[in-house]
Amino acid sequence: MTRRGSLAYYLASWVCGCFFMAATIWLGNGIRPTVPRTGGLLFVTYFFSLMFGAATSLLFGFFLRRTANRLRWNHLWHWLIGGAILAPLLIALLGAIASSNAQASGWRVWLFLPLTGPYMINGSHGWKSWLLAAPAGVATAWVLFRIDRAFGGPSSETTP
């Protein structure tokens with residue numbers, strides 16, 4: 001589990017990814033100006049982001065690392081562009097899956113419970129959730145790139 005920093009990588013994907021998403025939601029609060037933007041609101045948003053965004057942020061870290069390894073992304077800008085593209089796509093895809101099963105009952109409710117975060121983001125912000133997810137994906141990709149390189153990934157200085 002800790003080979004090549006997997007534990008640190010996925011923990012950072014969860015903690016940092018949820019914080020960056022909560023921060024972009026908090027900063028993008030101009031969408032609904034009736035809610036005052038206070039520091040307490042940031043912490044409440046971050047708390048709910050940690051609870052409901054865990055599965056999404058772990059999937060983001062998994063797909064970003066797999067894509068980077070398959071396409072041999074050795075530079076930071078590769079990861080940043082990948083994070084900017086992957087985060088909105090993942091939020092939109094998982095939100096669409098969760099919204100199609102919103103009226104589910106029985107065991108299906110528990111099956112789609114981890115998708116609550118993208119469902120809530122898509123429901124409250126609509127297409128603007130893509131604008132919120134892109135900066136969070138870039139910031140998270142930057143942290144994950146640094147962790148990946150710190151635990152033995154290929155160095156960008158030695159790669160052409």
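Visitor: Among contacts in the protein chain between residues at least 6 apart in sequence, what percentage join residues at least 24 apart?
Guide: The model is predicted, and local features need pLDDT of at least 70, side-chain atom pairs count only at pLDDT 80 or more, and totals for chains, interfaces and linings use all residues. Residues are numbered from 1 along each chain as its sequence is written, and side-chain values use heavy atoms, with hydrogens and water left out. A contact means heavy atoms within 4.5 Å. For contacts between residues at least 6 apart in sequence, the share that joins residues at least 24 apart is 76%.

Visitor: How many helices and strands are in the protein chain?
Guide: Helices (H or I, at least four residues) and strands (E, at least two) are DSSP runs, numbered from the N terminus. Read from the N terminus, the elements run α-α-α-α-α-α-α. The count is zero strands and seven helices.

Visitor: In the protein chain, where is confidence lowest?
Guide: pLDDT is the predictor's confidence in each residue, from 0 to 100. The chain averages 81, and 69% of the residues score at least 70. Helix H3 has the highest mean, 94, while the lowest mean, 59, belongs to helix H5 (residues 107-111).

Visitor: Over which residues does pLDDT stay under 50?
Guide: Where pLDDT is low, the predicted coordinates should not be read in detail. The stretch in question has five contacts beyond four places in sequence in the model, and covers residues 156-160.

Visitor: Is H1 parallel or oblique to H2?
Guide: Axes are lines fitted to C-alpha atoms, for helices over the stretch in contact, and angles run from 0 to 180 degrees between N-to-C directions. H1 (residues 6-27) and H2 (residues 39-52) have axes 8 Å apart and pack at about 135°. Angles under 35 degrees count as roughly parallel, over 145 as roughly antiparallel, 65 to 115 as roughly perpendicular and the rest as oblique. Therefore H1 to H2 is oblique.

Visitor: How do the residues of the contact of H1 with H2 divide into nonpolar, polar and charged, and how many are there of each?
Guide: H1 contributes Trp-14, Val-15, Cys-18, Phe-19, Ala-22, Ala-23, Ile-25 and Trp-26, and H2 contributes Gly-39, Leu-41, Leu-42, Thr-45, Tyr-46, Ser-49 and Leu-50. Ala, Val, Leu, Ile, Met, Phe, Trp, Tyr, Cys and Pro count as nonpolar, Asp, Glu, Lys and Arg as charged, and the others, Gly among them, as polar. The division is no charged, three polar and 12 nonpolar.

Visitor: Does H1 pass H3 in a left-handed or a right-handed crossing?
Guide: The axes of H1 and H3 come within 8 Å and cross at roughly 130°, so H1 is oblique to H3. A crossing is left-handed if the near helix is turned anticlockwise from the far one by less than a right angle, and right-handed if clockwise. The crossing of H1 and H3 is right-handed.

Visitor: Which residues does Ser-57 touch, not counting residues up to four places away in sequence?
Guide: Ser-57 is found in H3 (residues 54-70). Its relative accessible area is 8%, so Ser-57 is buried (buried is under 20% relative accessible area, exposed over 50%, partly exposed in between, with a 1.4 Å probe and protein chains only). Leaving out residues up to four places away in sequence, Ser-57 touches Ser-13, Trp-14 and Cys-18.

Visitor: What is the relative accessibility of Arg-72?
Guide: Arg-72 lies in the loop between H3 and helix H4 (76-100). Its phi is positive, near 55°. Arg-72 counts as exposed because its relative accessibility is 66%.
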